[in-house]
Amino acid sequence: MTATPTSGSGQTRLDDHCLSITGHIIDVSPQAFRVAGLSPFVRLGDRIACPGDDGDAIGEVVRIEQASLTVKPFANRFVRGVKAPARQIGPFMVSPSRSWKGRVLDAFGQPTDGKGPVSEGDDPRRADAPPLPAMQRGRTGKPVATGVRALDIFTPLVRGQRIGIFAGSGVGKSTLMSMLARAKGFDTVVVALVGERGREVREFLEETMAGNLAKVVTIVATGDESPMMRRLAPRTATSVAEYFRDRGDSVLLIVDSVTRLAHAARDVALAAGEPPVARGYPPSVFSELPQLLERAGPGLEGSGSITGIFSVLVDGDDHNDPIADAIRGTLDGHIVLDRAIAEQGRFPAVDVLKSISRLADRAWNPQERELVSRLRSMISRYEDTRDLRLLGGYQRGSDQTLDQAVDLVPHVYEHLVQHPEEGPCKQPFEDLSARLKKSFQPPAPVVPTGPGKPAAG
């Protein structure tokens, strides 16, 4: 008879008798270790536990050969040696519950905030679960007010949409993400901080989310953690978001950043022996990213939705690098932050001409759509003639459209400037209209009140 593994355990079933199957380590390298004796009983993604005096050292199976497994450890330092025992413990499962709101957890779902243990729910889920079937999903919902003027006017969002923020380092990506995290109208906010600086975690929670922590679940894998933890964190966060979505919540999922996830996935794939194909990225990276991103979006008919905001750190400000290009084609829109705009002191540094929301028509009414179209046209004309105007080649009165753009666009740019401490903008179009009307009001006439004493009338 053949022994077959039981689901989610480190045992095999032979008739009605359960036998524990244990292998042993045969090779250890800085990136991974190999285990013999378990190849017939495991699948890719299963976890391997190596017991020791300091507890179990856990790794994930990333390659299966006839005689051995390649296992990537979750810890930065793997301290087991050759001949050490190893056993299968099944795929990683996460069991969220509503009590997780307000807590800070690691990629395993274990608390790191010092507030004691968290309770597990009764609905365990695989961290690498597949997306919902396309034809069983609901439609995207109503518009979402982010409170960020530049986005609510030019790239509005709707419930269930997935949008990316593309930016180089130091352009204000994380600051914009923190402003979006305070958006009203969501029942639950799930934040995955992947590869972030350790000091930014408390700043995000105690400053950005102050007063709103009761509805936030934060999953953290800082930059000093292993590639396996950084790769697992967004999966765990997405599973948590799916748990609340299936219970009817409108969920905001924020992942910062997907690029660091891709870097971690590259390390894992290279350790598994995959060849690099595009700027050092193996093929599995480009198939793994859509599997994660597609899990966000509308849920089944009658359930909630996951509105996904994913930041993308473009290497060297190259917005066409392989990761940015692959992600941009998967999402429902992209917000581009430009370094030149940031250097002018305009934050958030959104390039409104390059930023697109593919579902914007579901958020604008006809009047707003017409206004945004005209504004984009004037901004485009203003930017295209910037060099000409700096060289003195522009004469007022020769082009009425350009005259209007020169008068109007600087005021639009000033209106889009918004600092995090200002708080959310509730009426972006009304505020823009009021600002433009005020800017173009004629000056009050001056009337004389006596000899040598003019005064404003």
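Okay, let's start out in a loop: R279 sits between α5 and α6, and α6 covers residues 283-293. Before I go on, keep in mind that this is a predicted model.

You'll find K83 in the loop between β8 (68-73) and β9 (85-91). Its phi is positive too, about 80°, and K83 is not a glycine either. At 64% relative accessibility, K83 counts as exposed, because the cut-off for that is over 50%.

One runs from D256 to S257, with omega near 5°. S257 falls in the loop between β18 (250-256) and α5 (258-271). Another goes from F347 to P348, and there omega is near -5°. P348 belongs to the loop between α8 (339-343) and β22 (356-357).

Now for helix α4, residues 227-246. How far apart should the ends of α4 be? At 1.5 Å a residue, its 20 residues should span 28 Å, and the end C-alpha atoms are 29 Å apart, which agrees. Is α4 mostly buried or exposed? Of its 20 residues, 19 are buried, so α4 is largely enclosed by the rest of the structure. After the helix comes G248, with a positive phi near 90°.

Let's zoom in on one residue of α4, namely T236. T236 is buried, since its relative accessible area is 0% and the cut-off is under 20%. What does T236 touch? Leaving out residues up to four places away in sequence, the contacts are F92, V94, A107 and I219. With A107 there's a polar contact as well: the backbone oxygen of A107 lies 2.6 Å from a polar atom of the T236 side chain.

Next, cavities. The count comes to four of 30 Å³ or more.

Last, the annotation. An unreviewed UniProt entry gives "domain: AAA+ ATPase" for residues 159-342. In the model, the end C-alpha atoms of that span lie 29 Å apart, and the span is 42% helix and 22% strand. That's my tour, thanks.

Methods
Residues are numbered from 1 along each chain as its sequence is written. This is a predicted model: local features need pLDDT of at least 70, side-chain atom pairs count only at pLDDT 80 or more; totals for chains, interfaces and linings use all residues. Side-chain values use heavy atoms; hydrogens and water are left out. Helices (H or I, at least four residues) and strands (E, at least two) are DSSP runs, numbered from the N terminus. The expected span of a helix is 1.5 Å times one less than its number of residues. Buried means under 20% relative accessible area, exposed over 50%, partly exposed in between (1.4 Å probe, protein chains only). UniProt positions are given in the numbering used here, feature names are shortened, and annotations may be inferred rather than shown by experiment. A polar contact is a pair of N or O atoms within 3.5 Å; within protein, one must be able to donate a hydrogen and the other to accept it, and residues adjacent in sequence count only if both atoms are side-chain atoms. Contact means heavy atoms within 4.5 Å. On a 1 Å grid over the protein atoms alone, a cavity is a set of points where a 1.4 Å probe fits but cannot get out, and a pocket is an open set with protein on both sides within 12 Å along at least five of seven lines; lining residues have an atom within 4 Å of a point. Grid points are joined across faces, edges and corners, and a volume is the space filled by probe spheres set on the points.
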